[in-house]
Amino acid sequence: MYGADIEQIAIELNEEPEKLAEFEARIARGEKIEPGDWMPAEYRRQLIRMISQHAHSEVVGMLPEGAWITRAPSLRRKLILIAKVQDEAGHGQYLYHAAETLGATREEMLDALLSGKAKYSSIFNYHTTTWADNGAIGWLVDGAAILNQTMLARCSYGPYSRAMVRICMEENFHRKQGQEMIIRYSQGTPTQRAMVQDAITRWWWPTLMMFGPHDADSPNSGLLIRWGIKTRTNDQLRQEFVNQLAPDLQACGITIPDPDLRYDEASGNWLFGAIDWDEFWRVIKGDGPANAERMAARQQAHDDGRWVREALSAYAKKQLH
């Protein structure tokens, strides 16, 4: 997921220096790279890795909240949650299509997910244990995702950039519904306030982890920024998230589970404590609280959908005759 063969990349980049120079000049001018354009093999590989991982995250991300559709406390909350889960399925479709423009097939990407070769966001390997977790996911997790996705909406690859524009609009709705839930419950009954505090306590640190490892441990970031796929680093995005959320959560009377959290007037940042990177890597490597459950659910859905794929294939062949 995070590794890269630096020597092999250097060899590939030296193979066609003139084309590479023109490619990078286009990016510097703010032009979008389109599917038929020349691009370095490593640019294509990094995009397929990122976009397919993003697509997997959208699809797997339906599971933690989808489990609460039948237990929503009101019809209004149920309708909102159904719409949100449907949106995530649509996001997965946009992104798989964007990856397909780079030559990756849907079957290859799904095989990589189901075999464990491809990853998805670590945040979805945690359980949703109360209704308030849906609010925490909306405000914290979707809020964190929007910071990353807004950056990607300006990325250098056209199909990915355009997909992200629509996704960002819908994710912003998801963030607002989560924020509305947390604010409302934080002003509610003692039971509701306790439930919200518990949800934020459990989701705070996993949300900070979902921005990825520290910049010093993220070998792909330099190349991604050089080629305009990313414009900001993991640590920069993480700091902006904390700066946004810390004062807002505290204004709701919610305690953030970090004794080292404090506002630093000199830098204008909210400084936070050390992240448990051992936990992050355990979850990434498949040993999180819900990794096995998530993959079993995806495998079951894939198996249950086999007859649909076979029927569509048979119908397509019939149209050719």
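This is a predicted model: local features need pLDDT of at least 70, side-chain atom pairs count only at pLDDT 80 or more; totals for chains, interfaces and linings use all residues.
Local features need pLDDT of at least 70 and side-chain atom pairs count only at pLDDT 80 or more, while totals for chains, interfaces and linings use all residues. Residues are numbered from 1 along each chain as its sequence is written, and side-chain values use heavy atoms, with hydrogens and water left out.

Let's start inside. The structure holds two cavities of 30 Å³ or more (a cavity being a set of points on a 1 Å grid over the protein atoms alone where a 1.4 Å probe fits but cannot get out; lining residues have an atom within 4 Å of a point). Helix α7 (132-152) is among the contributors and gives the largest share, nine residues. Helices here are DSSP runs (H or I, at least four residues), numbered from the N terminus.

The second largest cavity has a volume of about 50 Å³. Among the residues lining this cavity are Glu-65, Arg-77, Trp-131 and Gln-177. The elements that give two or more residues to this lining are α5 and α8.

Those two helices also pack together: α5 (residues 75-100) and α8 (residues 158-186) meet at an angle of about 160°, with axes 10 Å apart (axes are lines fitted to C-alpha atoms over the stretch in contact, and angles run from 0 to 180 degrees between N-to-C directions). That makes α5 roughly antiparallel to α8, a term for angles over 145 degrees.

Notes
Angles under 35 degrees count as roughly parallel, over 145 as roughly antiparallel, 65 to 115 as roughly perpendicular and the rest as oblique. On a 1 Å grid over the protein atoms alone, a cavity is a set of points where a 1.4 Å probe fits but cannot get out, and a pocket is an open set with protein on both sides within 12 Å along at least five of seven lines; lining residues have an atom within 4 Å of a point. Grid points are joined across faces, edges and corners, and a volume is the space filled by probe spheres set on the points.
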